[in-house]
Amino acid sequence: MARYDRAITVFSPDGHLFQVEYALEAVRKGNAAVGVRGTDTIVLGVEKKSTVKLQDSRSVRKIVTLDDHIALACAGLKADARVLINRARIECQSHRLTVEDPVTVEYITRYIAGLQQKYTQSGGVRPFGLSTLIVGFDPYTGVPALYQTDPSGTFSAWKANATGRNSNSMREFLEKNYKETSGQETVKLAIRALLEVVESGGKNIEVGVMTKEGLKQLEEDEIDTIVAEIEAEKAAAEAAKKAPSKQT
Amino acid sequence: MKLNFSGLESSAPLYGGSNELLCDGFSAAPSFDLPVTSDFDGFQKNSIQMVKPAKGTTTLAFIFKEGVMVAADSRASMGGYISSQSVKKIIEINPYMLGTMAGGAADCQFWHRNLGIKCRLHELANKRRISVTGASKLLANILYSYRGMGLSVGTMIAGWDEKGPGLYYVDSEGGRLKGTKFSVGSGSPYAYGVLDSGYKYDLTVDEAAELARRAIYHATFRDGASGGVASVYHVGPNGWTKLSGDDVGELHYSYYPVEPAVVEQEMTEAVAA
């Protein structure tokens, strides 16, 4: 098997592309990221590793805009992300120029996925080591959308998804607790999913809320308030569970 | 959809090499070695004049309450010789978009078909129809990249998309204009006269068709390079339909029927002596 992971343009005898699978490993080591789609809001949440004291945290934005109505969060190699995001931003503007219309979320996801696939079938290059979560509203129909791409170049739409570190636990949580939400409820659901795997607190998570008006990045204290609300709700639920059993 | 800047280099393609980064993955427009002359503009002008058949035609299109009305004549002329009286100057790009032909017939036909292909590919890739804005922009960008190479196209793209009726004028100089009323060709001044005086936004389909027909008829009456059959098409929310195709000679006599002359004296056979 070792012979088949040097040049990525070759398959292994049992049909694997090892470089792509190794790239997925890199994603699994990246920071946790979650996306939840509501009826009028889509929320992206990303884990922030505890801020290094001297670093200016404002220069490390993990949720970025690709255009006025599209935002992206990713897990994996951040340098690869920067390159991919730049290409996607250019494509968004190029599309506006050639057809005088903003891109749809599906179009730009297809473009990013296509780019990621190209690097799995070219000589001398390695795949991008990141999975992305792309959110936005369709500029014509106003329908919210959440898409995910991965290093192999596949993409699909999701109601809620997670990627990066401990994504399986987050996804399990979302599968159990997902329901159609809107507004603040969607934000809470996303943060609750993230809190499953991340230490509690506003300084450890970055949250972006996409509405028809655009992307709003929540401030640390806003996140702290919501986290406090969530903890209170959790405590109340625990208490309610304990109370009936006392009566038996 | 990468931006294609190779058209900007058309005046100096002698050096060949285009920017690798920009043309990456996108087929560059062709260029050929141009002769070195002292008066390049004059040379370009003359070569275009030589290649371009006279834009002997009348085409028009206008937007009104019920959609877009498109009309054209059907004469092709080469100088003083009428080469055909039955040219299809309204090209069906797809069931909801029409293009008109003025200038080089081959150029218009080919590039409209090419546009039709691109529109269909857009539909398949994006699961939605392309807008008239987008289609006209695709055509304008292609024509711009061939600027200076002798293409002769003066076309109007008319269609109905999600934003309603759309009408754009696109030409081989790379120009693209959005508008509600256009007429293109040697007969256009005459057509504009009739169109401008009779136009109202609130016309019915029949009234608008009659206005378009009359405008083409009047243009063919005065312009020698226009004639044949006046075709009228309507583009509505469900696509285009051909409303009529009338020979302009017959239209003349229906608008201006011959008055039976009053006979003063009638000749009779002389009675055989």
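How many residues of chain A are in contact with chain B, and how many of chain B with chain A? 14 residues of chain A meet 17 residues of chain B, where contact means heavy atoms within 4.5 Å.

Ground rules before we go on. This is a predicted model: local features need pLDDT of at least 70, side-chain atom pairs count only at pLDDT 80 or more, and totals for chains, interfaces and linings use all residues. Residues are numbered from 1 along each chain as its sequence is written, chains are lettered from A and ligands numbered from 1 in the order written, and side-chain values use heavy atoms, with hydrogens and water left out.

Back to the interface. The two chains, A and B, bury about 1300 Å² between them, 46% of it on carbon and sulfur atoms. Buried area here is the accessible area (1.4 Å probe) that two parts lose on being put together, summed over both. On the chain A side, A:Thr98, A:Val99 and A:Glu100 lose the most area to chain B, together 37% of what that side buries. A:Glu100 also forms a salt bridge with B:Arg176, at 2.8 Å, N to O. Across the interface of chain A and chain B there are four salt bridges. The rule is a side-chain nitrogen of Lys or Arg within 4 Å of a carboxyl oxygen of Asp or Glu.

Now chain B. Seven helices and twelve strands. These are DSSP runs, numbered from the N terminus: helices are H or I with at least four residues, strands are E with at least two. Of the 273 residues of chain B, 45% count as buried. Buried means under 20% relative accessible area, exposed over 50%, partly exposed in between (1.4 Å probe, protein chains only).

First sheet on my list. Five strands of chain B, open, in the order 10-1-2-11-12, with antiparallel pairing. Two strands pair if DSSP finds at least two bridges between them. Strand 10 (181-184) and strand 12 (239-247) of chain B are the edges, each pairing on one side only. Neighbouring strands in this sheet are turned by 15° on average, direction ignored. Axes are lines fitted to C-alpha atoms, for helices over the stretch in contact, and angles run from 0 to 180 degrees between N-to-C directions. Helix 5 (188-198) of chain B packs on this sheet, touching strand 1 (59-64) and strand 10, and makes about 155° with strand 10. Helix 7 (248-255) of chain B touches strand 11 and strand 12, at about 75° to strand 12.

One residue to look at: B:Thr59, in strand 1 of chain B. Why is B:Thr59 counted as buried? Because its relative accessibility is 0%. Its contacts, leaving out residues up to four places away in sequence, include B:Ala71, B:Met101 and B:Phe182.

Next sheet. Again five strands of chain B, open and antiparallel, order 5-6-7-8-9. Strand 5 (90-94) and strand 9 (176-178) of chain B each have a single partner, so one side of each is left without a neighbour in the sheet. The twist averages 20° from one strand to the next. Strand 7 (154-161) and strand 8 (164-171) of chain B pair over eight bridges. B:Ala158 stands opposite B:Leu167 in strand 8 of chain B. Helix 4 (132-145) of chain B lies across strands 6, 7, 8 and 9, at about 5° to strand 8.

Last, cysteines. The disulfide count over all chains is zero, using sulfur atoms within 2.5 Å.
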